[in-house]
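Hi everyone, thanks for coming. I'd like to walk you through one model today, so please have a look at the screen.

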Amino acid sequence: MRWKDRLRTLRAYLFPGEAETDPGFREEVDRASVRALRTIGWINLLMPTTGLVVHVLAQWIEPIQHNPVYPWTVLAFLILGGATLSLAEIDGRARAGALADACQWVFVRRRW
């Protein structure tokens with residue numbers, strides 16, 4: 001196979017023209033992305049909370065001096081989980097815009 005044929009095949013895999021114009025395909029992708037956002041959001045909410053509760057219980061049962069709790073990391077994951085869940089409730093096209101605005105605010109407007 002020549003390199004032009006390989007490039008054409010790769011382009012066909014990356015940019016499937018007919019499938020993306022089908023409204024049913026777009027609805028299915030939106031439905032799957034909302035499900036994934038909800039799943040990731042709940043994981044980001046439940047895992048740090050569960051970890052914090054287990055850590056506090058373990059410290060209560062058998063205290064260890066050099067094992068501090070970092071509440072700002074739990075708070076960061078809770079904020080991330082809440083933001084992800086709220087993105088799942090926004091319409092598909094507006095979701096991309098909201099995500100782009102949030103990334104722009106965090107990475108461009110903020111001066112670290």
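**A buried asparagine**

Let's begin with Asn44: its relative accessibility is 13%, so Asn44 counts as buried, the cut-off for that being under 20%. Before I go on, please keep in mind that this is a predicted model.

Where does Asn44 sit? It belongs to helix H3. And which residues does Asn44 touch, leaving aside those up to four places away in sequence? They are Phe77, Leu78, Leu80, Gly81 and Thr84.

Now to the helix itself. H3 covers residues 23-61.

How confident is the predictor? For the protein chain, the mean pLDDT is 78, with 82% of residues reaching 70 or more. Confidence is highest in H3, at a mean of 86, and lowest in helix H5, residues 92-109, at 66. So please read H5 with that mean of 66 in mind, because pLDDT is the predictor's confidence in each residue.

Finally, let's turn to the surface. Trp3 lies in helix H1, which runs over residues 3-14. Is Trp3 buried or exposed? Its relative accessibility is 61%, so Trp3 counts as exposed. Together with Leu7, Leu10, Tyr13, Leu14 and Phe15, Trp3 makes a nonpolar surface patch of about 790 Å².

Technical notes. Residues are numbered from 1 along each chain as its sequence is written. This is a predicted model: local features need pLDDT of at least 70, side-chain atom pairs count only at pLDDT 80 or more; totals for chains, interfaces and linings use all residues. Side-chain values use heavy atoms; hydrogens and water are left out. Patches are made of residues with over 30% relative accessible area and no salt bridge: like charges are joined within 9 Å, nonpolar side chains (Val, Leu, Ile, Met, Phe, Trp, Tyr) within 5 Å. Accessible areas come from the Shrake-Rupley method with a 1.4 Å probe; for residues, only the protein chains shown count as cover. A salt bridge is a side-chain nitrogen of Lys or Arg within 4 Å of a carboxyl oxygen of Asp or Glu. Helices (H or I, at least four residues) and strands (E, at least two) are DSSP runs, numbered from the N terminus. Buried means under 20% relative accessible area, exposed over 50%, partly exposed in between (1.4 Å probe, protein chains only). pLDDT is the predictor's confidence in each residue, from 0 to 100. Contact means heavy atoms within 4.5 Å.
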